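Keep the 3D view open while you read, and find each residue as it comes up.

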Amino acid sequence: MRVDTTGKISLGHIYTSPDPRAYFAALRDLDYHIPELAKPHFRGLIAEYREAHRVPVPTVLDIGCSYGINAALVKYGITMGDLYDRYSGRDAHRHTRGTLLSRDRELVRSLEKESRVRFLGLDASEEALSYALEAGFLDGAVHADLENGDPTGEQRTRLAGADLVISTGCLGYVTERTISRIAGAHGRRRPWMAHFVLRMFPFDAIAGVLAAAGYATVRHGGLFRQRRFATPEERSLVLDRLSDVGVDPSGVETGGWLYAQLYVSRPTDQ
């Protein structure tokens with residue numbers, strides 16, 4: 001596996017397949033489970049927002065949503081184990097994209113009554129967004145690269161409807177440029193935010209942009225295992241990067257796992 005400029009292995013290829021099987025086959029081997037750890041925190045924040053703003057069905061924007069994983073977990077109560085079995089189990093290779101989608105839509109219909117939230121996905125992968133929409137995990141999608149340009153008028157309208165913004169693992173590749181464009185999409189109303197960010201990626205620049213937009217950010221005290229290192233080379237490069245950004249990996253990443261931190265940002269007037 002080749003590494004990217006951050007020192008992590010490059011997994012870009014798993015986000016552009018027409019269905020999620022390559023995604024789950026690759027990440028299962030790495031014990032990737034940050035969405036499962038994030039689920040109770042996202043659900044808690046959604047419930048808090050619902051109560052504070054008297055919004056019965058809040059809209060959540062998931063940055064870097066890929067195949068709608070956070071939506072499946074948070075909205076429908078599915079687990080990462082369920083999804084690994086579904087897309088990388090023994091019989092996964094026997095399915096076509098069409099039969100996978102049919103099975104997913106049936107699952108969504110059976111769980112729909114549990115849902116009290118809408119999910120909007122933002123991703124640069126048209127293939128992943130298309131699958132998540134057709135399966136029913138997402139209620140809407142924005143196919144855009146906000147790192148390199150402003151949203152179109154239609155995209156801005158969709159982004160402006162978000163009550164909360166979440167992410168699990170894309171910040172570091174997605175920077176303050178994207179966050180600033182999302183925070184300012186409405187013009188007056190600002191969404192709450194919760195981001196799980198690898199410790200190798202400092203959050204300072206994003207926190208600064210949010211502070212200028214009228215947000216206060218609090219870092220959760222815990223650490224969250226994201227996945228195992230894929231290779232000794234990746235481990236070595238990530239440990240070097242952590243040291244370069246002033247983070248001591250001793251007893252944490254040195255144990256063989258990438259770790260994330262949770263940052264929650266709310267408008268100061270709320």
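Let's start with a pairing: serine 167 has histidine 195, in β5, as its bridge partner. Between the two strands, the chain crosses from β4 through helix α8 (residues 176-183) to β5, and this β-α-β crossover is right-handed. Keep in mind that you're looking at a predicted model.

**Strand β5 and its neighbours**

- β4 (residues 164-168) runs parallel to β5, and 5 bridges link the pair.
- Strand β8 (residues 257-267) pairs with β5 too, but in the antiparallel sense, over 6 bridges.
- Which residue in β8 stands opposite histidine 195? That's tyrosine 263.
- β5 itself (residues 192-198) is mostly covered, with 7 of its 7 residues buried.
- Both faces of β5 are covered: on one side you'll find Trp192, Ala194, Phe196 and Leu198, on the other Met193, His195 and Val197, and all of these are buried.

**Helix α7: a covered side and an open one**

- In α7 (residues 153-160), the buried residues are Gln155, Leu159 and Ala160.
- Why do they sit on the same side of α7? Because they cover an arc of only 135 degrees around the axis.

**Helices α5 and α6: a packed pair**

- α5 (residues 97-111) packs against α6 (residues 126-135) at an angle of about 45 degrees, and their axes are 8 Å apart.
- That angle makes α5 oblique to α6, because it falls in neither the roughly parallel range (under 35 degrees) nor the roughly perpendicular one (65 to 115).
- From α5, the residues in contact are Arg97, Leu100, Leu101, Asp104, Arg105 and Val108; from α6, they are Ser130, Tyr131, Glu134 and Ala135.

**Helix α3: covered along its length**

- Is α3 (residues 69-76) mostly covered or mostly open? Mostly covered: 8 of its 8 residues are buried.
- Those buried residues are Ile69, Asn70, Ala71, Ala72, Leu73, Val74, Lys75 and Tyr76, so a lysine is on the list as well.
- Look just after α3 and you'll find glycine 77, which takes a positive phi of about 75 degrees.

Key:
Residues numbered from 1 in each chain as written. Predicted model: local features only at pLDDT ≥ 70, side-chain atom pairs only at ≥ 80, totals over all residues. Heavy atoms only, no water. Buried < 20%, exposed > 50% of the residue type's maximum accessible area, 1.4 Å probe, protein only. Helix = DSSP H or I, 4+ residues; strand = E, 2+ residues; numbered from the N terminus. Pairing = 2+ DSSP bridges. Right-handed = clockwise from strand over helix to strand, strands pointing away. Arc of directions from axis to C-beta. Axes fitted to C-alpha atoms, helices over the stretch in contact; angles between N-to-C directions. Parallel < 35°, antiparallel > 145°, perpendicular 65-115°, else oblique. Contact = heavy atoms within 4.5 Å.
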